[in-house]
Amino acid sequence: MEETPDDHNRIHQCREEINSNEKTVKTIVEKLNRVQTKINSIETDQLLLEKMDEELYQIDQLKQSLHSSDERIQSKQKRLSQCLERVNKQKIEIKTLEEDDPDDFIEQEKQKLEKLNKQYDGLSTELNELEQQNLALYNNNTLLSKILNEQEFDLDKQNQILQDRHDELSKSLENLNEKNACILNNLSSNKAKLNEQNQQLSNISKELDEQNIAYGNCKEIVQFNGELNVSGNTLFESLNNVKNLLNTNLKRLNEIFQANTLIDDNAALSDAFKSADEELARLKTVRDQLSKQLDEITGNNRSFNFVNSQKCNEEYQSVIRKHKAASSLNENLKQQKLDSSIYSRLSKEISCLEKEAQNHCDCGTDHKCSGMCQICAAETITKQNLCMFKAGHNGEHKCDSGHICTKFCDICQFYDMPTSRCQFVYGHKEPERHQCEGTHQCPITCICSDPCATPLDLTQHKIHRCNKKDCWRPCMFPCGNLCATEDHNHDMTTESVTISIGCETRQMKKHLCDQSHYCQGICDAPGVCQQEYKTQQRKWKTESGEEFEYQHIEVQKVRGKCGVVIPAGKSSHDDTTSHQCDGHEQHTCQERCPDCGSFCRNRHGHKGFHRTLHRNKDLHVFTSTNPTDTIEIRSSESQETDARKYKVGESAKPENCSVSCKRRGRSHFHLVECPGGVGCLGKVLGNRAKHSDAAYYYGPDQPSPKQFDEILCSTYWSQHKWLPPVDNEADLKLINLCNAYCKDHVVREKNVLTAQDGAKGFCTSDAWHIGNHIFQCQADHSTLEMYQGIDVCFVIDTTGSMDKYFEKVKQAIIRIVNDNQTFLAKIKSKCDFQFAIVDYRDHEPEGDYIYHKCDFTNHTAAMDYVMNLKSGSGGDLPEAVLDGLDAACALNWRKNADHLLFHILDAPPHGKIYTKRPDKWPNGCPCGKTAQNILQAMKNKKIAYHILPCSNEINMMIGEFKKHIEVKTLAFNDKITFEGAIAKQVLEHLIDTEITLKKT
């Protein structure tokens, strides 16, 4: 069998897809091997961690043993000293008695002394044994041996060493715990990736199996099509041969008819043509037989021969065309594999159409068959009678000369059908009824809608059945197959069963094919099959009328379809097997975040803390102890960011769980309903929680009837067995630190933190610590009384290109000085402002001078200098910028003053790293000055560098300068004040207004 081009292409595509899938599977296997290697490495790290934990436990045990031994030794020493005192006291009494008392009494006292000596010796022995045990314990520990071998042994020093060692071990334990948490997180992440890759591999395997099945089906279809092609070709050749033979016989019949006409014209030649008549009858018989064979091949395609009737021939041709159309439809039905009963019914309808066409024909002929009676021809050659049936009848040609019954069919008359003659012999007694040759088709259909296979009879039948034996109903599962039960009436007798479809159960009749099926239920295994996250940008309108956009995250748990295979012949899997999806072993934990409700992302049944991708706090409202408070939140620490303003009791839905904790920062706490009594968390958790007697409000007029405990962030999440939502290690450390700050180094306005030296100005102790606050900036406060004021220097480009900006520059400098004059009244009277001016142009011959300067002076003299400045010269675009900055750095800056420098310019320095314009000195300043050296010197003098740009030509310069110093860019219309340069020495705490409460 040859493959067609389409089949070949389809097979080729299937092979390519299989090869591609094999490569994909190979790649995934390699990835799985790499992941397994990583998992092995992580397991090795876990073993090392467990070993270190055991060593730490042994050290703790050793410490306890040493402490217990020291206590016992001290107790024995105390008892020994007491016993020695009693011995000495007894000796003195004995001496006294020897002088005064009788010998008997002295002897009794000596016996007491002897007992005391024995007791003393026993205590000494026990003390020596304890010291030996302690010494053996010390010898087995390198750290204790080192302590004992010191020449000068001091108890306080030993305690300090032990305390240092304990602190060192505690820090090591914390580091180990952090590493353990990191390793567990990596392990969870790698296992999650492995699960995803396993799922991908499973999906690819399923696709590969489906493609293999499709490939096998394709091959079967190709093979079947080839067999059909061969059968069709053979049948077509047979049909052509029969048609050729029929055409030959028809030609011979026409010749015989012509000869018959000549016989009629010339009676004298009739005898000569008798033999021709016999031959004609024989050929007619042969023709009928050939026609019958042709009918069997072409689907009962009968030919008719009407004599002397053109109109009848036209009707006949019309019927033939209808017949051909019906035959074509029949072939299509056969190709679609419909059952043979439909084909038989259509064939019978065609015959009825043919007969109906003959009955309604008005051509004027009798439509009688032109054949000769075959019974007469068999009895005698001379007896020739025409057939009594109409043209196109079935069966043999018979005349009405007593060969058959003259009665009409009883069945046709009983059912009011077109009447036909009885097919039995004339005067027959058996059977008693008259019946024609036709098949009387029952008009009622079977239960499957196919025609009834039982023919009509004089006795009406009540059971209507087709020829099929198998059940006609489809399988109860959506597989597309029919029920495999060999009982056509199975639908009426089968039982009803309960099956799971989705989350529902349904009663269905039990119809099953011979294949296995997947369960249609929903997985009910523990855990979450799949978590679906949806992120949307939404608008929110606060109760105060403000509108803003926020990111809303929704999470839903999705239950997967049951992946259990139901064996063939069964409607459900075993009752002992629950509904399980294919990934039930990778189900995630069903616990939800107490603040935002997100599901845990760890494997179901995991050990340790929960973790998740946090979302919006839908169930929380803002709360405060003051019902009129306004909660102001900024998405960043910039004052330019629009604030979100909420009222007490308003929903916290726009705020994200993890972002909120990060934003609230140092020492922030969460509210938990107080259990009361000894269960109060303020008593249980020590300085990690506080009991609050204040009333927290759900709304302006709605105080909560409950009492709450305030718990530090890390402790709150630990109590709930969740990892903190702050995933950055630096932020996590920050929220565990004290929120006390020094206003000399930290300036805070509401929730916005502007830090000049923020890290330095905060207390370095833990949150809610006991004792005094510790600041790194404490050394700076000792020199506050020596504070001299603020030194301000203006560095100005005075080349010709600045001419159009020059008046604006002068006005800006005057405004800056005037706006800050009143600030000096807020600080010490001996503090003041000093101003300096440096104006520069360019190197010769491009400029007429490099720079001029006015060293620090009062603001009046500085303003006079500024008002006399003029612009001029300057050839190429770059100017002597570095020379001007170098001159400013060399001015007489006061040691105990704040240093501010404002640079006003429109052109960059010389050098191709600062500009792409033509430059006389593309390699940099001709004096050899470099930005790195000058800017580093400015940093060393703590000069704050500000730029007021007059054009975009200096953008490259700003980018290069930022590599060496912090650059603040200002605009001419900005209000520039120096108030942040000095602050009073005040200790304050950050005020956390972003407190939320779960409203129940």
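Mentor: Contact here means heavy atoms within 4.5 Å. Keep in mind that the model is predicted.

Trainee: Which residues is Met957 in contact with, leaving aside its neighbours within four places in sequence?

Mentor: Val881, Leu905, Pro908, Pro909, Tyr914 and Ile947. Each has heavy atoms within 4.5 Å of Met957, so each counts as a contact.

Trainee: What makes helix 19 mostly covered?

Mentor: Look at residues 881-889: 8 of the 9 are buried. Buried means under 20% relative accessible area. Among the residues that pass are Val881, Leu882, Asp883 and Gly884.

Trainee: Why does Ile774 count as partly exposed?

Mentor: Its relative accessibility is 46%. Buried needs under 20% and exposed needs over 50%, so Ile774 falls in between. Ile774 sits in the loop between helix 15 (758-761) and helix 16 (778-781). Beyond four places in sequence, Ile774 contacts Phe762, Cys763, Thr764 and Ser765.

Trainee: Why is helix 17 called roughly antiparallel to helix 18?

Mentor: Start with the angle. Helix 17 (residues 806-819) and helix 18 (residues 859-867) pack at about 170°, with axes 10 Å apart. The cut-off for roughly antiparallel is over 145 degrees, so the pair qualifies.

Trainee: Which residues of helix 17 and helix 18 make the contact?

Mentor: Helix 17 brings Lys810, Ile813, Ile814 and Val817. Helix 18 brings His859, Met863, Val866 and Met867. By class, that gives 6 nonpolar, 1 polar and 1 charged residues.

Trainee: Which element of the chain has the highest mean pLDDT, and which the lowest?

Mentor: Helix 19 has the highest, 94. Strand 17 (residues 752-755) has the lowest, 44. The scale runs from 0 to 100 and gives the predictor's confidence in each residue. Over residues 267-273 the pLDDT is below 50, and that stretch has 4 contacts beyond near neighbours in sequence. Residues 979-986 also stay under 50, with 22 contacts beyond four places in sequence. For the chain, the mean pLDDT is 75, and 67% of residues reach 70 or more.

Note on methods:
Residues are numbered from 1 along each chain as its sequence is written. This is a predicted model: local features need pLDDT of at least 70, side-chain atom pairs count only at pLDDT 80 or more; totals for chains, interfaces and linings use all residues. Side-chain values use heavy atoms; hydrogens and water are left out. Axes are lines fitted to C-alpha atoms, for helices over the stretch in contact, and angles run from 0 to 180 degrees between N-to-C directions. Helices (H or I, at least four residues) and strands (E, at least two) are DSSP runs, numbered from the N terminus. Angles under 35 degrees count as roughly parallel, over 145 as roughly antiparallel, 65 to 115 as roughly perpendicular and the rest as oblique. Ala, Val, Leu, Ile, Met, Phe, Trp, Tyr, Cys and Pro count as nonpolar, Asp, Glu, Lys and Arg as charged, and the others, Gly among them, as polar. Buried means under 20% relative accessible area, exposed over 50%, partly exposed in between (1.4 Å probe, protein chains only).
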